Amino acid sequence: KMTQQMRDLQLAQARKPPGPSSPNAAKRLYRNLSGKFRVNYTSFDEGSLAGRGEKEKLRKSYLFQSNAALFEAVELQDLERVQELLKQYSPEELDLNTPNSEGLLPLDIAIMTNNAPIARALLQAGAKESPHFMSPESRLLHLSTLVRETEQRVNELMAQVVNEAPNADCSEKEKQLKAWEWRYRLYKRMKAGFEHARVPDAPTNVHLSVASSSSVQVTFWEPLSVNSAVITKYKVEWSCSPTFSPPLGEVVIDKLKDLHFTIRGLVSGTPYYIKVSAYNMKGWGPPQASVPPFAVPSNWREYDGRAPRRRGQAEALDHLLGQVKNVHQHCVCHESCKNQPQSRKHSVSKSLKHLFHPGSKFLKTLKRGLYLTAIFYKDDNILVTHEDQIPVVEIDDTYSCLLMQDFLWFTKVSCMWDEILWLRQCVTVSQASCSCTLQTRFKMLLAISQMQGLLGIQDLGQVFFEPVKDKQGNILIVTLKEVKTNQTFESVRWVPICKLQTSRKSVSSPEEPTALDTLLISIQDKLAYHQQSSHALSPGLYLGYLKLCSAVDQIRVLVPERLPNILCHVKIRSNPNISREEWEWLQKMTSMEEPVPAEPEAETSQNHLFQELQVAIKELMTLVNIPLQEAKDFRLYSQEVLDFGGQVSFLLLLPPSDDVCTAPGQNNPYTPRSGFLTLPLQIFEIGEER
């Protein structure tokens, strides 16, 4: 019966290649194909092909050969070649989950020869076990049939070789005999591997945590035993009863790259019990209960019923801005502008058009004053003018001392590049008051409009956190933007950064470089800052360190150079949620006069958080160069958990009250190691929002 099933399967899979005629033939095929696989069939000259049909035929031929080579590589246990083929071809192109003429898949051969590295590589690529093996008994029967049939074929060929006189035909029979003997040994080894295998042990480190008010997350590791057969999947089961009667659900995990699973759609406030078991070709192993044994879906906000801080804020601000625009359109000043004499309207129109007239050019040199420069970069190239200069426009040639409040106002404007025209109209209405501040800011808006017009783009990017200054009284406000698409710009072109740095002739001395020379020398640092400030944290719960220092006109915050849009931090765990029970425990800790609490009970979520916090605090103190014994004076911010988009959350560690913000002239007792910088608080807030 099994033989007939195999014949039927062979007919159904007629497009699959048969086994190699001999071990040497397999190796020759494998070796010869290795060079061919490095050729991309799309690189052939299309003119040399008769048509699309021949190209498709050639493509299928290569894919057919790649499938055969994958089977050969698995059978010969060549991990490097298997990885090469999986990288070069997609699972569909390799027919990764289509059985061959023997009813086997590459993963079947790997796990039954107990080749764990190849099996893992195949599993990560999406390989499956043969659907014909519904049970261990059916797998053993199939292997026994293959061994019996190959043994019978070996005996037949051996008899023919012994009885026939030496000739060319006999030599071919000897080659076939060697090939079948090799395949017979392979199937016997696979059968022996199956017979000696046992079901896997239970998974280890099965940890359960609360992911939200309606979900829990389970993570686990592979079983410790290395003598068992290769594990191909895991099963996660859950129930409201510790006896799992009745069970509520289960899921089979066959993607083994990340051993974790989030169970969603649960009822808040209800305890759920979890267990996990592993599977190999012998079947399911014993389950392992989680630690803690159950979890209750919840969130820290449920402790006092607090609503999210930012709920509806963005919508409310948009609505408020819309109201302001609407009122501004009907203000008295705008009406007076509309009723101006015709000659005056022409004069204003002409002066505005002058900003975008081809006569308005980028500056080549700086005089004493305030300027705007825009740095657009792509890979190792930067946008420059036709004179090989970084684009610069003048803001104010009488402004030699940039006030911090004006600079911070400019950074806020950078969040509204597409609203510059409207903002300019708003400032113009009030300009009659002759306010120096408003005049400066109006000139800033004019410079932005001029830069946008010359480049032909509205978004000028992110403002660098401090202006570039020189001793000649020049001040450069720098914006940075990475171009990831093939955008076209007006009046500029791309050049390599290194070429710009080496070819530009400096007009200043090394002792007193101009602002443009300083910018060019430090441009790599500014590009690095811009790239790093756009990086996002991976999902998880973090411990952040809040340290401020004040000056006469600003407050600055300590941040790491590698991620300047985030506070100094270390990761506590991958799960960003803090449950109600964990938050309640933290509240009790912070309310104690002498916060030296006893450790929570073992096998609870509070105990896990306690241990995770101990590790995180030690790591954070080392990072910011603070002696560990001083940590006893630090405090956890207990008013809220800082939530960033639902995937990242922060607990804040604060220094003693007197040291949270260092005042001018005050000695800072703790100096972080290199790799940190201080940003103006408003710049940090804008970078955090981005």
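Which residues make a nonpolar surface patch of about 280 Å²? Leu317, Leu320 and Val324 make this patch. Patches consist of residues with over 30% relative accessible area and no salt bridge, with nonpolar side chains (Val, Leu, Ile, Met, Phe, Trp, Tyr) joined within 5 Å and like charges within 9 Å. A salt bridge is a side-chain nitrogen of Lys or Arg within 4 Å of a carboxyl oxygen of Asp or Glu. Areas come from the Shrake-Rupley method with a 1.4 Å probe, and for residues only the protein chains shown count as cover.

The model is predicted: local features need pLDDT of at least 70, side-chain atom pairs count only at pLDDT 80 or more, and totals for chains, interfaces and linings use all residues. Residues are numbered from 1 along each chain as its sequence is written, and side-chain values use heavy atoms, leaving out hydrogens and water.

Valine 324 counts as partly exposed because its relative accessibility is 40%, where buried means under 20%, exposed over 50% and partly exposed in between (1.4 Å probe, protein chains only).

Two nonpolar cores are listed below; a core is a set of buried Ala, Val, Leu, Ile, Met, Phe, Trp, Tyr and Cys residues joined through side-chain atoms within 4.5 Å.

| Core | Size | Residues include |
|---|---|---|
| Largest core | 69 residues | Leu372, Phe376, Leu455 |
| Second, separate core | 61 residues | Ile118, Leu186, Val210, Ile274 |

Phenylalanine 376 touches Leu455, Trp494 and Phe489, among others, not counting residues up to four places away in sequence; contact means heavy atoms within 4.5 Å. Of the protein's 690 residues, 45% count as buried.
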